[in-house]
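Visitor: I would like to learn how to read the features of a protein model. Could you take me through one step by step?

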Amino acid sequence: MLTSLSEMLDRRRREIAATPSLGALASRLGHLLGPLLARPLYVPAEKATLTRDGGVCPMDGARLEFDPLSPQEHRCGRCGAAYTGERHHGAWLWRYHLWLAERAIHLALLGGLRNDAEHRDRARELLLGCAAAYPRVPNRDNVLGPSRLFFSTYLESIWLAQVAFAGALVEAGDPVGSVASRELAPLRAAVRESAAIVGSFDEGWSNRQVWNDVGLLAAGLWLDEEPLVTGALDGPHGLVRQLAHGVTADGLWYEGENYHFFALRGFVLGAELLRVAGRDLYQDPAAGEKLKAMFVAPLDTVLPDLTLPARGDAVFGVSLRQPRFAELWEIARARAPHPRVEAILADLYAAGGPEAPDDDGLSELAEQERNRPPRRVRRDQLGWKALLAMLPDAPAPARGAWVRGSCLLGDAGVAVLRSGERYVSLECGGRPGGHGHPDLLHVSLHVGDGQGRESGIGNRASSSDARHDSRIPISDSRPSSGNLLADPGTGSYVSPSLHWYRSTLAHNAPGLAEHGQLARRAYAAAFAVRGDWSWCHAVAPGLLGPLTEAGRTVILGPRYLLDVVDVEMVGDGVVELPLHPLGGSPGADQPAGEDRLLDVELDRLPLDAAGGLNAVFAPRPGEVARIQWAPGPPGFDFSDGPSRPFLVRAASGSGRWVAAYETQPDAVWAVRDGGGEIVVETPRGADRFRMGSRMRPSVEIVEGDASPVVLEGVRAEPPAPAPPPRARPLVVSCRRLDAAPDPRRWQTTIPAIGVHRLGMPHYRRSELSWREAGGTSADVAIFATRTAVGFAVSVRKPSLVLRPPEAADPALDNEAPDIHSDGIQCYVGSGAWEGYVVVPIAGSDRIAVRAVAGTAGDPDRVSGSWAPTADGWNAVITVNLGCLIEPDQRVPVNLVINEMLPGRVRRAGQLVLSGAAGWVYLRGDREAPGDAARAVVE
Ligand SMILES: [Zn+2]
Ligand SMILES: [Zn+2]
């Protein structure tokens, strides 16, 4: 179906010949391939692996640099140390397989565009190498979906898209295309098999599914298999529906900026492939406008220094001043032109800054980006996609014309207020998805354009005596600039710090003490801009539990930001409001300080925590404040950030927190909360803010004698999403016994009517189906003694693979290693939800018990034993609830049997009492109480 590829190459060949900038790009890309032509091809038939330490510097946690020409030695870009070893090599393979596949495109494209036999032959040789290696790598032990070369399906999808497109390019660029076609038969077989693997795993609404679709689309187009193309494009989770559903009305992908660009790159490659097949995705009636909007929407939220905000699981501090962003917008300019795209490109090229010390083009990965410091970006330094699509003429200069100003992206759930050099954003809704953080009502504050300014100059206000003295000059100190308050995003997914970055406390957002936020719904109830003033008022119902509501109002004026947080709740739960000032570098060169309570009345941020931010507070009656230390935002090399102090304000029950943030020293002297009126005292006099009602939010601002400014912009509450349909819980009988039975004979004690047989319908699979994995089945029963709930299991499984309790932690990821063993996970709802992982100890009748983190489990309450049987193993486990269990009581329970197979690193699957089709990936030991069965006590 890619029949017009030859014509396209011919056309492009003429354009490149006629355009010096495209010619320069082509010759640079050709030159980059020198090392690949000069040495024998290295195509390892080895699987990439994900581990906690593989590819990570043990000294500083930075991800090791990827050098495609150095398979064994891996250098840390931060400290310069070099490392070798299998785990680092396994991590390197992740990039290398993708790199190789992309080099095949790179070679084939240049071979075709320049009629260059050497490049074309190398491309063919490389692709045949990949085709030979592919079937030799096992589809096993994956982290997130089936894959041979990788550990996650979406990575294989990128590879699949690239080798299929490269195969098509080799054929199209070959003067004798039929010869190339015959020779590429082994690649066709590998592509077909990879497409079957990718097609077996549907990830629903996900940035990863976008790439699965692109892989299948490329395979289908090259193999001429219409059903593959149709499914990838128009299937239930195909590209068209991903665009319609996954892209918000504001044009932002729903999973945050990081995944926005990842998904967008997938859509763009898909659109380029379709274009060759004669279909224009940009003109698709259902999806075209969304796709075009994706190029422009990030410009609404980008920070003034051209770094991306790190909402959700995004990488912190990623600058747009890198070739890959320019390349993306060059494609937009060619396919879906827009004045703001034109303007941002012109600004990227016009921006000063250091030239890149080296040309990274050889090691660049188009789809698994590496983040680099901001640099000068040039058109001839882009990649192969630009060679394919970039317009000949450069964008016209248009300094700053891409900026939109203050705006509310209501569907994406973010409000941006811009005034002069200040940028404020408020998290006010959106769809959380798997990569969202519990950070509703989070506030970010960025000041300055980052051009030629130092970040975070320490300029805190002078002493408390001096600040009321109007003779103190207020303009001779330089204001702070850069990120003063920010969402830290996320570092490494396999580092323990993930839990910190995904917590409410790591954000400038209110949460219940020790629990954080309990709901994921918020909306902007008002947003308006008027003259120098703008505001957003956001509301989060149920944020701190049932019958609670939290609201946050940010009001940005010409000299400061006013921040008002309202909490309404029944009772006196403790609510915390953290504030993480990021200016300066406290903690970077000093050990973490002690957490401590502040014993002064809180009206200023203490010096050691201020980080260049002048924060002035209205003390709330009864509030307690403390300074705490935690990792700051991670590096864009995925290392944990250096330890920093932050402020936590805590108070019980309903109430209002008020603060003003400013960057000019002494622009604000004091803030007072006078009920209906908030007063901000400044050197120019008192500013008064009269807040409207809850039903009709508004604020009237009175600055001295000036006439009042009223901000309204009330917005209706969007309808609450319907709760997901929940199947009626499974009801299981719970026989009452005098004591726990002997595990070898429990079936003689519990009648058959109370025994459940678990098999295929209860199986959560990995790469192998239930049958392929051996068809493991089990009989299970729930029973009760006087004060304990018991679990009796009898598993039929030929080989028993038990993890010894003393075995070293393989440090695969953040999951406890005991889940990768034959064993049991027991859950019981005893008021609180308790979970336990139980592993039989080989050579004994004893069991090893671990409480599941995040549940109320206490291993001291668990007892039990196990015994091997003729065809498997039996076990009986009891959990003492510490209270009498009554007849007819309904106890929430669940029981999961982990299945391990010989030779595997990660478990093969699970049998789940409450019933579970689907996949075992990323399940860890977490079973939600909402899915529990109900054990009815006899
Ligand atoms: Zn290092
Ligand atoms: Zn976050």
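Visitor: Which residues lie nearest the centre of the largest cavity, and how many residues line it?

Guide: Happy to start there. Rolling a probe the size of a water molecule over the atoms shows where empty space is left. A cavity is a set of points, on a 1 Å grid over the protein atoms alone, where a 1.4 Å probe fits but cannot get out, and lining residues have an atom within 4 Å of a point. Here 21 residues line the largest cavity, and R311, E427, G429, R431 and G436 lie nearest its centre.

A word on the model before we go on. This is a predicted model, in which local features need pLDDT of at least 70, side-chain atom pairs count only at pLDDT 80 or more, and totals for chains, interfaces and linings use all residues. Residues are numbered from 1 along each chain as its sequence is written, chains are lettered from A and ligands numbered from 1 in the order in which they are written, and side-chain values use heavy atoms, with hydrogens and water left out.

Visitor: How many cavities of 30 Å³ or more does a search of the whole structure find?

Guide: The search finds 10 of them. The second largest cavity holds about 120 Å³ of space. Its lining has 18 residues, with L303, P309, A310, S444 and D487 nearest the centre. By class, that lining has 9 nonpolar, 6 polar and 3 charged residues. Strand β5 gives the largest share, 3 residues. Helices (H or I, at least four residues) and strands (E, at least two) are DSSP runs, numbered from the N terminus.

Visitor: Is H437 buried or exposed?

Guide: H437 is buried, with a relative accessible area of 4%, and D487 is buried too, at 3%. Buried means under 20% relative accessible area, exposed over 50%, and partly exposed in between (1.4 Å probe, protein chains only).

Visitor: What coordinates the zinc ion (ligand 1)?

Guide: C57 (SG), D60 (OD), D60 (OD), C76 (SG) and C79 (SG) do, at 2.2 to 2.7 Å. The donors follow the spacing C-x2-D-x15-C-x2-C. D60 lies in the loop between α3 (34-38) and β1 (74-75) and C79 in the loop between β1 and β2 (82-83), so the pair ties together parts that are 19 residues apart in sequence. C79 counts as partly exposed, at 41% relative accessibility.

Visitor: Which residues touch the most other members of the largest nonpolar core?

Guide: In soluble globular proteins, nonpolar side chains tend to be buried together. A nonpolar core is a set of buried Ala, Val, Leu, Ile, Met, Phe, Trp, Tyr and Cys residues joined through side-chain atoms within 4.5 Å. In the largest core, of 135 residues, they are W159, F295 and W329. Helix α4 (residues 86-113) gives the most to this core, with 15 residues. A second, separate core of 48 residues includes V554, A609, L613 and I627.

Visitor: Where is D141, and what is its phi?

Guide: Most residues other than glycine have a negative phi, and most peptide bonds are trans. D141 has a positive phi, near 60 degrees, and its place is in the loop between α5 (117-133) and α6 (153-173). E514 also has a positive phi, near 70 degrees. D141 is buried at 11% relative accessibility, whereas E514 is exposed at 81%.

Terms used. On a 1 Å grid over the protein atoms alone, a cavity is a set of points where a 1.4 Å probe fits but cannot get out, and a pocket is an open set with protein on both sides within 12 Å along at least five of seven lines; lining residues have an atom within 4 Å of a point. Grid points are joined across faces, edges and corners, and a volume is the space filled by probe spheres set on the points. Ala, Val, Leu, Ile, Met, Phe, Trp, Tyr, Cys and Pro count as nonpolar, Asp, Glu, Lys and Arg as charged, and the others, Gly among them, as polar. Donors are N, O and S atoms within 2.8 Å of the metal (3.2 Å for Na, K and Ca); water is not among the atoms, so sites may look incomplete.
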